[in-house]
Amino acid sequence: MAAATAKPMLFAAKTKGYALDRGEQTSLLARVSALQAPLVLEELREFDSADEVALQNALAALRPKKSSGYAHTHCGVSPQSRFIRRASLDLKRIKEPDYLAEVVNTQFRIDANSHAIAVLNAGDGQGFDTSRPGTNKDVIFCGLPSAEINRLQSDFLRAGVFPERLELSSMAALGAIIDYLKFTESTKPTLVLELGPDQTQSYIVSARGVEATRPIAVGLDAMVPVVQKELGLKDEESARKLFFSNTFDFTGMGASLCKRLLKELQSSMGFYEVQTGQSISQLICPVLPAKLAWLEGVIAAQIGVSVLQPEFVRWLNARQITLGENVSAAALDARKFALLGLLMSATSAASSDAVAA
């Protein structure tokens, strides 16, 4: 099981930087003044992740006219094969050479040998050091198949992107959301949902870090048959096109659409609240396509919580990130958290490397 962290290559102080959040459904590409604070978010493009030509067009639009070769980019990825799991370790066994792999194999039923895996402290997201575990037994295992990393890197290179760093967009988003909660001094446990086609990744976070994780085997595709039945459509394909088109108001049937997902969420929330004595009070869905953004409010209403409404500009200013004239504050929404997290982690990595040098 590998848990190594690659040291990023640094940009010169005046070199433009790029960050790419390649989501399951939607991708975001940003050009910044540099990948080291203070920086300016100069340009932003959004496109369908399945559209390779759109990525190439976005790169062409953001890069200087005379640019050639690869765009050196800080990349975040969200393959369906990714995993993020919280676990409590047995500190008496922590120095056993195969213990962490055993946790992955037995608790998560994931083959540790075929995956690239990082182990992080659940509280601060720093790498877990088995030689100095202290009393910190709560960790996050995150990773993806090694073969998937090779495929993603090949895809990026073919599109003209050279990944200076490659990390999970989910971890970047969680880190950014937790940082925002710390900045606002929020005491509210927050439910973070990543709704994908086939499954939903559920996380409970707070200013203290990642409190709980759970994959749920219900995704957006499970809502399509409900649309077909409720509207009396002749086939699922017609229902799918209507559901993802944003041309019909589905909020009235929200409870029916989300019934299976809500049942799982209520179970997870109930377990967390009994274990901790704390109530989850807000929700954020950072990967919903824009045309399905209404689902966030529907889910929040059904489970009795509010939707987190971030004040992005104030937070970003405090992190020495400002918006260029071509990026409107109105363009910042929940779907930008992963991209902003990539910028912050790149800045942190560059700063720590500069200190080390």
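Let's start with helix 9, residues 294-303. Seven of its ten residues are buried, so the helix is largely enclosed by the rest of the structure. Buried here means under 20% relative accessible area, with a 1.4 Å probe and protein chains only. Helices are DSSP runs of H or I with at least four residues, strands are runs of E with at least two, and both are numbered from the N terminus.

A word on the source. This is a predicted model, where local features need pLDDT of at least 70, side-chain atom pairs count only at pLDDT 80 or more, and totals for chains, interfaces and linings use all residues. Residues are numbered from 1 along each chain as its sequence is written, and side-chain values use heavy atoms, leaving out hydrogens and water.

Back to helix 9. Which residues are buried? They are Trp-294, Leu-295, Glu-296, Val-298, Ile-299, Ala-300 and Ile-303. What covers them includes helix 6 (236-243), helix 7 (254-257), helix 8 and strand 9 (190-195). Contact means heavy atoms within 4.5 Å. Just after the helix, Gly-304 takes a positive phi of about 75°.

Three strands form an open sheet in the order 5-7-6, with antiparallel pairing. Two strands pair if DSSP finds at least two bridges between them. Strand 5 (83-88) and strand 6 (115-121) are at the edges; each has a single partner strand, so one side of each lacks a neighbour in the sheet. From one strand to the next, the twist averages 25°. Seven bridges join strand 6 to strand 7, residues 138-145. Ile-117 has Gly-143 in strand 7 as its bridge partner.

Helix 2, residues 99-107, lies across strands 5, 6 and 7 and runs at about 70° to strand 7. Axes are lines fitted to C-alpha atoms, for helices over the stretch in contact, and angles run from 0 to 180 degrees between N-to-C directions.

Now strand 3, residues 39-48. Strand 2, residues 26-32, pairs with strand 3 in the antiparallel sense over seven bridges. A hairpin of six residues joins the two. Leu-28 stands opposite Glu-46. Strand 3 also pairs with strand 14, residues 321-323, but in the parallel sense, over three bridges. There, Leu-39 has Ile-321 as its bridge partner.

Conventions:
Buried < 20%, exposed > 50% of the residue type's maximum accessible area, 1.4 Å probe, protein only.
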